[in-house]
Amino acid sequence: MDTGIDYYGQARRILDAMWSKDGTGGIRNVINTEHKMITFVPEGRGYNWTDPSYHVPAFFEIWAEYAKDGHEDFYRECADVSRQFLHKACHPVTGLTPDYAEFSGDPLGGE
Amino acid sequence: MNIAMDYSWYAKDKEWQQGYCRRLQDFLFSRGIDTFEDQFNVDGTARERIMGAGGYRKLRHSLGWVSTTAAASIMGTQAKSWKFVDAVWNAKLEPYEDGYFDPYYDGFLYLFSLMHLSGNYRIIKPVATENPLEPIKLLRPAAQEDYSYCVLESGVQLRIGDTVKNILFYGPATVRVNENLGCSYWEHPSIVVVGKPAAVPFKVLETPDTITIVSDKLQIKADKKTGALTFMDGTGKVLTQERAQNHAEIKKVEISGAPTYEVSNTFTLKPDEGWYGFGYVDAAPTKINRRGQQLLLIQTNMGIVIPMIISSERYGIMWDTYSIMRFKDDATGATLWAESAPGGVDYYVFAGDTMDDVIAGYRDLTGNAPMYPKQALGLIMSKERYQTQERIIEVARTFRKEQFPLDYIVQDWQYWGSDKDGTWSGMIWNPQRYPDPEGMTKVIHDLHMKLMISIWPSVGNDTPLAHELDQYGLRFEPLHWISRKARIYDAFSEKGREIYFKHIKEGLLDKGVDALWMDGTEVEVGTACWNANEVARDIKKLGINAMGDFSRYLNPYTLMTTKGTYEGQRAVNNQRVFTLTRSAWCGAQRYAAASWSGDSSASWDTFKAQMAGGLDVTMSGNAWWTQDIGGFFVNNFPGGEQNEAYRELFTRWYQFGAFNPIFRIHGTNIEREPYIFKEIDPEMYQALLDITHLRYRLMPYLYSQSWKVTSEGYTLMRGLPLDFPDDVKARNISDAFMFGPAFLVHPVTHAMYRMGTPPAPTLPAAFLQTPDGKPGLAVQYFAGVNFDTPKGRGIDKVVDHDWPGPPLADPPGGLDVLNNFSARWEGFLVAPEDGEYEIGVEGDDGFRLYLDGKKVVEDWSQAAARYRSTKVTLRKGQKVLLKMEFYQGGGERVMRLGWRTPSDIRDLQNGKKSMNNVMETYLPAGADWYDFWTNEKYEGGRTAEKECPLNILPLYVRAGSIVPMGPVLQYATEKPDAPYEIRIYPGADATFTLYEDDNETYNYEKGEYATYDLVWNDSARTLTVGPRKGAFPEMVTERTLNIVLTVPGKNAGIETGVADAKTVNYIGEPIVVKF
């Protein structure tokens, strides 16, 4: 489909920018690379917790399949980790999630 | 909603996800489908602390929450899920009862929910054949090897080590090669290519060392170790090859904050192979063949760089890269380097049976050239500049009164106001000098002429156009160097082009202007664009345009701005577009943009360079090109049009112009409307009139060729290799060319009759003395143009200054700046011999010369460099008091003291007597030739000699040509029903297709045109006029054809052929005429 927009090029520019963040100025990767999960924010302490509403396993599947940036395996793992996280973060009766969560799925700070 | 998306696309966690949906919806349903709140503790109990939003702190049945829980129904397994879908369907995006409104969170969640639930939310996958910028998934990864490949719909992808190389067909004989490190950093599609990857049938043959892609017309063999490609035609004959070792260097770099590649790629060429193209590169040698040359590819004032070449081996290469590039051909190969190629090495190879096929392949890929109005083939009179509407009308009327043919008259800049105020190119008219533009264009149209007008990409600050562009931030910060009150508009922005054209239409086209002349399209910002490096520096200073940084988009500003004006004109009416632009690029032809070679300076060398440069433009696939007949600046011929040496140059230049695709007079400094020479120089005037009459008599020939340009990808002005690629001698001829299939034109490019005097030598230090007896002259500099504030002193051994601008030169003599200063030189001249001397000054700007206290030369004005001199008789050893004054205002700065000694003057006079007026012309092998003026016949492969009085240039016609001619006209569309003279130059079979249409509109695109074939059978001596195909409303249905056969001494030259003419009345039915 010729939309006149180079979706791939634009997406790659964003992903490449994401991978270029090495902590300079307090900014790290928007994905916590140790926990393989989306962070609340890539800045400062926000790197160390997550937000259940940010979890979109499908995005990682898409990147694994089409980004061609050498991180395919990592993205695929992220998709699986994200699904496991949601199992823990969603309440077993109500399905509700906390606003912010530890990478374990517990509400942030025990809230 | 996020979970639903994962469920519907990947379904890898189906069971849990369905259960999750059930649990969530059960819980919320229990709180009431129309009332469930948007905040709870995770266990479903009520929150104590409510989070605020938009200044409110309350629980809501919020639209965003209704939307996302509805999207969960995609995973739903119970009937209740439909209730959630109904809820979002019936919800409204509107404020809550208390007035709170959240279009961001609520609005977007609502939008996404509806998209998901529509069932059409799906992955649009990058399709390799549609967007080859995207590296393609390797289908056959070869685990243990450095090399692998996979077959795609339109080609093959190779992976060699870290590099990925796509080889994709775009047509049966067109293939794209795109090599990078696995990623393309383009953010927008190509601005050049309009073709798409094509499903050309091919097969792949593999050997241990190579794989070969084999199609009907092209074979491409890749070396598995290096990835180097060899291109062959359908029979396996090698066309060209990438260098066996290190064929490409690709380095990832970052420029202006964006990733890109610095690249070079190298071809190994055959020893005698000719390469033609890269457009007009003005610092290049005056040779059409690019072999052995080094070129810097940056647009300049006179340069028209185009990254496309064609080879005598019947292939072409186009690089789809827009940054600074350098070409170098030497013993190591032919290499193209690019500063910023975001897609990596990216080029297209075109193959063909003929050179024209190769160019046609380029046109198919980048867009065909639309037809021009027929009048664009007539004479165009342009000048810097007609200053009032009365004057332009007076000139137009005088052409008609004097019966000198003319089709276009041109209004140059400053019709808007001045060059220094804020009105620059605002698409407006100065009301004092142009009170009635509509009335003016009506007079011009009533004279059957069209009006072309200058516009610039720099827009004056005080114009409605600038104000509207500025609302959208669509002018760049740097000021245009002349006005300092104008800025460049962003032609890379669609909105920018739209606003620019809207004002062109309202201000100019709606007033009756017929054509746009787009000046300074390099784009010109900080200088007049003489120096390529300065152009690049200034364009980069513009920063980032709507598509990206100017390093990656350095060269094709012209393509974007002519795109806007072409598409704008096409959208508002059906009149054919005809645009002139100072730069061009691959693809420019599809926007009806003819290029011209900028502000040339009158000299025989410049004239000769025009020809080589122009041929390299047309052989780069851009068929429409022109230049300033007579040279834009006329500085080295004192007196200008009054100088007989200049008039000889002008005449020869004009004869060349008559065989340019576009025939156009333009320039500054002097008067040059041809009719003024009727009184000044009748011999010259006759020469101008003769060749003009020939151009107009050839109108049926020319217009039919222009149809071939449009319909077949043809080229009208043709370097000899286009028709004779296998004649090795013809491959290196840069001063002769074919004009259509019949004419070989060899313009006279040196003086024969009126040898101009060379510049006077600089007066040497040995004959100058300062007031205190040292060699040279004492000089004092002053700030201000009138010796206002004394600055430094010094001694100049000779006076020969050509100060470049800062930062290349430091200001002299304690000055702070290199503008607005003056200087005075004093001392003595000591004569070395008896006799009459010429002593003169060449200066820019003002100067005076005093000898023994008497003022002998004065031109105290702001002007380009010019030489003014006086004659003085001196005795040997005589000491003359010499004083010289100079001022520099702005612009260039030159000051030189020159002279001619009595012996110099004697040598000059002796030289004049030895002039030779015979031209030797090489006639290519493979054809016989006729001298157009006499019909004397020559064999090809030899040199013919021709005596060339001022009204004759060597002009030969290929044996086996048919040349249809009409009568002498005053304008190209006059006398539409006049008889045609069909001239047959026998000696070989010939075919000519005559083309006719309404001359003005795009109705030909809908099939409204007519053609008929003229076929000469040389052995049967018959001319067959074929049946007319097609029709159009204005068609002349019945025409007299006077068919004449050329024989030595008869039916030759410009006069109508009458000897043994056979006259037939053509009504569209076939006719056979026997000779």
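Let me start with a question: which residue in β52(B) does M965(B) stand opposite? It's E981(B). Before I go on, some bookkeeping: this is a predicted model, where local features need pLDDT of at least 70, side-chain atom pairs count only at pLDDT 80 or more, and totals for chains, interfaces and linings use all residues. Residues are numbered from 1 along each chain as its sequence is written, and chains are lettered from A and ligands numbered from 1 in the order in which they are written.

β51(B) and β52(B), residues 980-985, run antiparallel and are joined by five bridges; strands count as paired if DSSP finds at least two bridges between them. They belong to an open sheet of four strands, ordered β51-β52-β56-β57 in chain B, with mixed pairing. β51 (961-965) and β57 (1062-1066) of chain B sit at the edges with a single partner strand each, so one side of each has no neighbour in the sheet. On average, neighbouring strands here are turned by 25 degrees against each other, ignoring direction. Lying across β51 and β52 of chain B is helix α17, residues 699-712 of chain B, at about 115 degrees to β51(B).

Next, two helices. The axes of α14 (residues 644-657) and α16 (residues 682-697) of chain B come within 10 Å and cross at roughly 5 degrees; axes are lines fitted to C-alpha atoms, for helices over the stretch in contact, and angles run from 0 to 180 degrees between N-to-C directions. α14(B) and α16(B) are therefore roughly parallel, the word for angles under 35 degrees. From α14(B), R647(B), T651(B), Y654(B) and Q655(B) meet M684(B), A687(B), L688(B) and I691(B) of α16(B). Contact here means C-beta atoms, placed from the backbone, within 7 Å.

Now β45(B), residues 893-900. β38 (residues 800-803) of chain B pairs with β45(B) in the antiparallel sense over four bridges, and W803(B) has R893(B) as its bridge partner. β40 (residues 835-844) of chain B also pairs antiparallel with β45(B), over seven bridges, with D844(B) opposite V894(B).

Zooming out, chain B has 19 helices and 58 strands; those are DSSP runs, helices being H or I of at least four residues and strands E of at least two, numbered from the N terminus. Its C-alpha trace spans about 120 × 85 × 65 Å along the principal axes.

Finally, the contact between chains takes 33 residues from chain B and 31 residues from chain A.

Terms used. Contact = placed C-beta atoms within 7 Å. Parallel < 35°, antiparallel > 145°, perpendicular 65-115°, else oblique.
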